[in-house]
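Please read the following briefing alongside the sequence and the structure.

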Amino acid sequence: MMQETEIPLLRVSRLTHYYDYIVGCRNVSFDLYPGEVLGIVGESGSGKSTLLNCISARMEPTGGSVEYDTRAEGMRDLFGLTEAERRMLMRTDWGFVHQNPRDGLRMSVSAGANIGERLMAVGARVYEDIRESSADWLSRVEFDTERMDHLPSTFSGGMQQRVQIARNLVTGPRLIFMDEPTGGLDVSVQARLLDLLRELVDDLGLSAILVTHDLAVARLLSHRLMVMRGGEVVETGLTDQVLDDPQHPYSQLLVSSVLQA
Ligand code: ADP
Ligand code: MG
């Protein structure tokens, strides 16, 4: 996975964000390689979402840089891109799965249209093709396509999450950001959705950055883990190493579940 000859897909250097004088995240650096899933774990308030939002260009950081290996021009500094270039990345090469489906779906249009409009945003025009791709992706996430013309509000949380995932994958992205993707769901629904996510990531060879406070979720999906505390990374390593033999005292507490809600 991390061959030295390989170019990282994403390079984060000394990324820092302050909300006025409050530290969101500080001095975070890492490389993400193609096909790699990085889990970011830590307690509530440790800076996970701030970091993810800065990396995915949803928020401009106070300092540091994020470079991405764009298809057209290779490594580019995200914040040196034009707004239009960034928006294009977000629509095509990237996906973002929110904890709350309402943040990632358009609730006023059907499940099928939620997928279809992403295709139209990248130039698809033929109705039959759009409908067929939408149905395809909905079945890949185990969504009953007979309900594709219904509004998201008529679905369970787990089904809404499936639609959100399909909407994100339909454009063939290389990198998916996920912020607590199964956080709001019942444990039984979570389990199947996590398996599905893992299968999709494997099958499609996706790279992903997953934020979660749930170490079981992190273990299931991530190759590598970064443990955050107070906005900073305290430990990073292969998932099994970090969870089975944490080195930093804070990671030890986290893993021993003393800190878990
Ligand atoms: P996590 O996702 O790990 O729960 P966050 O990134 O949301 O952590 O928060 C990191 C720190 O930044 C916390 O101290 C939080 O209170 C603060 N913070 C987050 N969002 C804002 C905001 N919009 N304004 C001010 N402070 C914020
Ligand atoms: Mg958060």
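**Fold and charged contacts**

Of the 261 residues in the protein chain, 50% are buried (under 20% relative accessible area, with exposed meaning over 50% and partly exposed in between, for a 1.4 Å probe and protein chains only). This is a predicted model, in which local features need pLDDT of at least 70 and side-chain atom pairs count only at pLDDT 80 or more, while totals for chains, interfaces and linings use all residues. Residues are numbered from 1 along each chain as its sequence is written, and side-chain values use heavy atoms, without hydrogens and water.

Overall fold
- The protein chain holds 10 helices and 10 strands (DSSP runs of H or I with at least four residues, and of E with at least two, numbered from the N terminus).
- The C-alpha atoms fill a box of roughly 55 × 45 × 40 Å along the principal axes.

Salt bridges
- The whole structure contains 16 salt bridges (a side-chain nitrogen of Lys or Arg within 4 Å of a carboxyl oxygen of Asp or Glu).
- E117 and R167 form a salt bridge whose closest N and O atoms are 2.8 Å apart; because E117 lies in helix α4 and R167 in helix α6, the pair ties together parts 50 residues apart in sequence.
- Within that pair, R167 is buried at 12% relative accessibility, whereas E117 is partly exposed at 24%.
- R162 and E142 form a salt bridge at 3.2 Å between the closest N and O atoms, and this pair links helix α6 to the loop between α5 and α6, 20 residues apart.
- E142 and R162 also belong to a network of salt bridges with R192 and E199.

Terms used. Chains lettered and ligands numbered in written order.
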